[in-house]
Amino acid sequence: MKKVVMSMRVAEAAAYNERRNCIAYDYVETIEARGLHVILVPNNTRLVQKYMQWDDIAIVLLTGGNSIAQPARTSADVELDVYPERDEIELALLELALKQDIPVLGICRGSQFLNIYFGGKITRGIRDHVRTYHNLISPYGFMSGKVVNSFHNDGIAERDLANVLEPLAFSEDGYIEAFRHRTRRVAGILWHPERYSAEIAIDLLDDIMCTVLRMDLAEEQERMAFRNDRE
């Protein structure tokens, strides 16, 4: 079974006075439903290269949550929920993936991280992008008119998209909702496909993974057999 190497968010467990690595159940369930095996990478590991030594890694997934501890912004607002160790781990994962020509998908924060890495910027404190939905505006048929969720305070204006990245879809107010690298198998989406139960949203994720990132997902029969084994 092919593997997905996935980053994790940092959470503060106040009652225990400790910092934790965590991932939403939804991520694991969504990825396993694609017929893929999840490999989680903790933010405090010193062995990040070991997680990238599998010979059957299908994709590196940079997940959502937390804010980015980098200054490449169009706003000077004080940053909260920042953990530099997470940026360091995701930077290492991204560079190893690029070196090995492994596809990379950024979700929400992950897409913002990709844009910054390739020379773009993000805008903090945008309006009407938290706990809402957007209609995608896109020249690509498999995205155009699709409804996606939105849970982010930071956004990417078209002018701030890195030059090596190509916009794939916008929200109604003009912010980037999806992009891809012009020459590498790298893409970012600002919505959270793992938080959907609707089949249309899962189909959209599959289309991005197959069409944009040129991945070979398991055949539908294999995926259904895997789902049945889990039930």
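Predicted model: local features only at pLDDT ≥ 70, side-chain atom pairs only at ≥ 80, totals over all residues.
Colleague: Fine. How many salt bridges are there?
Modeller: The count comes to 11 salt bridges.

Colleague: Which residue does Glu-85 meet in a salt bridge?
Modeller: Glu-85 pairs with Arg-19, at 2.9 Å from N to O. The two sit in distant parts of the chain, with Glu-85 in helix α3 (residues 84-100) and Arg-19 in strand β3 (residues 18-22), 66 residues apart.

Colleague: Is Glu-85 buried, exposed or partly exposed?
Modeller: Glu-85 is partly exposed, because its relative accessible area is 21% and buried means under 20%.

Colleague: And what does Arg-109 form a salt bridge with?
Modeller: One partner is Asp-87, with the closest N and O atoms 2.4 Å apart. That pair links helix α4 (residues 109-117), which holds Arg-109, to helix α3, which holds Asp-87, across 22 residues. Another partner is Glu-90, at 2.5 Å from N to O. Here too the pair links distant parts of the chain, since Glu-90 is in helix α3 and Arg-109 in helix α4, 19 residues apart.

Colleague: How accessible are Arg-109, Asp-87 and Glu-90, then?
Modeller: Arg-109 is buried, at 2% relative accessible area. Asp-87 is buried as well, at 6%, and Glu-90 is buried at 0%.

Colleague: Changing topic. How many aromatic pairs does the structure hold?
Modeller: There is one aromatic pair. Tyr-117 and Phe-118 form it, edge-to-face, with 4.9 Å centre to centre and 85 degrees between the planes.

Colleague: Why is Phe-118 counted as buried?
Modeller: Phe-118 counts as buried because its relative accessibility is 19%, and the cut-off for buried is under 20%. Tyr-117 is partly exposed, with a relative accessible area of 30%.

Colleague: What lies over the face of Tyr-16?
Modeller: Arg-20 does, at 4.9 Å from the ring centre.

Colleague: What lines the largest cavity?
Modeller: Its lining includes Tyr-27, Thr-30, Ile-31, Leu-61, Leu-105, Glu-194 and Met-209. The elements that give two or more residues to the lining are α1 (25-32), β5 (57-62), β6 (104-107) and α5 (199-212). The largest share, three residues, comes from α1.

Colleague: How many of the cavity's lining residues are nonpolar, polar and charged?
Modeller: The lining of the largest cavity divides into nine nonpolar, one polar and one charged.

Colleague: Back to Asn-66. What stands out about its backbone?
Modeller: Asn-66 has a positive phi of about 65 degrees although it is not a glycine. Most residues other than glycine have a negative phi. Asn-66 lies in the loop between β5 and α3, and at 10% relative accessibility Asn-66 counts as buried.

Colleague: Which other non-glycine has a positive phi?
Modeller: Arg-214 has one, of about 55 degrees. Arg-214 lies in the loop between α5 and α6 (220-230). Arg-214 is exposed, with a relative accessible area of 52%.

Colleague: Last one. Where is Asp-56?
Modeller: Asp-56 lies in the loop between α2 (48-51) and β5, and counts as partly exposed at 23% relative accessibility. Asp-56 and Lys-2 are 54 residues apart in sequence, yet 5.3 Å apart in space, C-alpha to C-alpha.

Note on methods: Residues numbered from 1 in each chain as written. Heavy atoms only, no water. Phe/Tyr/Trp six-rings, centres within 6.5 Å; stacked < 30°, edge-to-face > 60°. Buried < 20%, exposed > 50% of the residue type's maximum accessible area, 1.4 Å probe, protein only. Lys NZ or Arg CZ within 6 Å of the ring centre and 35° of its normal. Salt bridge = Lys/Arg side-chain N within 4 Å of Asp/Glu carboxyl O. Helix = DSSP H or I, 4+ residues; strand = E, 2+ residues; numbered from the N terminus. 1 Å grid on protein atoms, 1.4 Å probe; cavity = no way out; pocket = protein on both sides within 12 Å on 5 of 7 lines; lining within 4 Å. Nonpolar A, V, L, I, M, F, W, Y, C, P; charged D, E, K, R; others polar.
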